[in-house]
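Please examine the sequence and the model before reading each solution.

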Amino acid sequence: MLLRRVSTRDPDALELLYERYAEPLTAHLRRLARDSAVADDLLQETFLRVWERAGQFAGSGTVQA
């Protein structure tokens, strides 16, 4: 449901998605990158891409090619 809202360019939905997933995703990225600055950059890039490509969300948990 939240991704559907993001796909309609709802900024509140993106903010909620960020609030829910930023902390666990950051922790994961820091383990992978072993550099907190790189992990923070990757986090921002991830959410930027989610926003930029939100219209490609097909609604069934997939992304259209």
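Contact means heavy atoms within 4.5 Å. Helices (H or I, at least four residues) and strands (E, at least two) are DSSP runs, numbered from the N terminus. This is a predicted model, in which local features need pLDDT of at least 70, side-chain atom pairs count only at pLDDT 80 or more, and totals for chains, interfaces and linings use all residues. Residues are numbered from 1 along each chain as its sequence is written, and side-chain values use heavy atoms, with hydrogens and water left out.

**Exercise 1.** Determine which residues of H2 are buried and what covers them.

*Solution.* Buried means under 20% relative accessible area, exposed over 50%, and partly exposed in between (1.4 Å probe, protein chains only). Step one: the buried residues of H2 are Ala-13, Leu-14, Leu-17, Ala-22, Thr-26 and Leu-29. Step two: their cover includes H1 and H3. Step three: take Thr-26, with a relative accessible area of 11%; beyond its neighbours within four places in sequence, Thr-26 contacts Ala-39, Asp-40 and Leu-43.

**Exercise 2.** Locate the bend in H2.

*Solution.* The bend at a residue is the angle between axes fitted to the seven residues ending there and the seven starting there. At Tyr-21, H2 bends by about 45°, and Pro-24 follows within four residues.

**Exercise 3.** Describe the residue Arg-34, which follows H2.

*Solution.* Step one: Arg-34 lies in the loop between H2 and helix H3 (36-52). Step two: its phi is positive, near 60°, although Arg-34 is a residue other than glycine. Step three: Arg-34 is exposed, at 77% relative accessibility.
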